[in-house]
Amino acid sequence: MHIVLVHGLWLRVSVWDEVLALLIASDYMPITAVPLPADASPASPTTLEDQLDAVLAAIDSQPEPAVVVGHSAAATLAWMAADRRPDSVAQTVLIGGFPQSGGEQYAPFFPIVNGAMPFPGWEAFEGPDSEDLTGAQCQEIASAAIPVPEAVARSTVTYTSEARFEVPTALLCPEYSPEQARKWIAADDVPELSRTKHVSYADLSSGHWPMLTRPAQLAAAIADFAE
């Protein structure tokens, strides 16, 4: 399998560095960590379709079936990739996030400022999301945060193929449990996954950024599902 790693909001592709190194050390290849475009300039703002194109280009770059790993909001990007490439995506692995429904905005979570959605600060993530981060890690994430272009955050999510519901999906549960995720899906709180035929679960017992706080556990979980 070809593992494709897609980071969530505000992050840089380097957030995957330790997980990537662990997977490579385990002789797992090929792996692609996707650098998502994030230009918020008024002249040529990045759109959600631009980010999706970057993910699809990574999938198309290798002949092997892809396991597309999406973190947080990028669970939707991973799911859109499965929708556009149902014959090339063998599985999606969603870390701490769920795909938005068609017709919803991609990331309508925080205010837009000067054409972009900046990192809102740590008060928004108090509790289970951030309790396993060190002060240095919090500072690193905040100082390196890239504002999300409005044309990404407020883009409308679209799907094109019912075949996406045939793509197996694994939920890696960090700040919530597999039992909670099962209840949300059973209650149709996540309509896209309520219709998905093959959903599996794994408990990470971490905060929202396990690639920083539990990289070995996360790498092992990704490898297990890829195999």
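**Helix α4**

I looked up what lies over the buried residues of α4, and the cover includes α8 (210-213). I am working from a predicted model. Next I listed those buried residues: in α4, residues 135-144, they are Gln137, Cys138 and Ile141. I then viewed α4 down its axis. The buried residues fall within an arc of 100 degrees, so they line one face of the helix. I recalled the general rule: an α-helix has 3.6 residues a turn, so residues three or four places apart point the same way. I also checked the other side of α4, where Gly135, Ala136, Gln139 and Ser143 are exposed.

**α1 against α9**

I turned to helix α1 (residues 17-25) and helix α9 (residues 215-226). Their axes come within 9 Å and cross at roughly 55 degrees. That angle makes α1 oblique to α9. I noted the crossing of α1 past α9 as right-handed. From α1, the contact uses Glu18, Val19, Leu22 and Leu23. From α9, I found Pro215, Ala216, Leu218, Ala219, Ile222 and Ala223. I sorted the contact residues by class and got 9 nonpolar, no polar and 1 charged.

**α2 against α3**

I did likewise for helix α2 (residues 48-60) and helix α3 (residues 74-84). They pack at an angle of about 65 degrees, and their axes are 10 Å apart. I noted that α2 passes α3 in a right-handed crossing. On the α2 side, I listed Leu48, Glu49, Gln51, Leu52, Val55, Leu56 and Ile59 in the contact. On the α3 side, I listed Leu77, Met80, Ala81 and Arg84. By class, this contact of α2 with α3 has 8 nonpolar, 1 polar and 2 charged residues.

Technical notes: Residues numbered from 1 in each chain as written. Predicted model: local features only at pLDDT ≥ 70, side-chain atom pairs only at ≥ 80, totals over all residues. Heavy atoms only, no water. Buried < 20%, exposed > 50% of the residue type's maximum accessible area, 1.4 Å probe, protein only. Helix = DSSP H or I, 4+ residues; strand = E, 2+ residues; numbered from the N terminus. Arc of directions from axis to C-beta. Contact = heavy atoms within 4.5 Å. Axes fitted to C-alpha atoms, helices over the stretch in contact; angles between N-to-C directions. Parallel < 35°, antiparallel > 145°, perpendicular 65-115°, else oblique. Left-handed = near helix turned anticlockwise from the far one by under 90°. Nonpolar A, V, L, I, M, F, W, Y, C, P; charged D, E, K, R; others polar.
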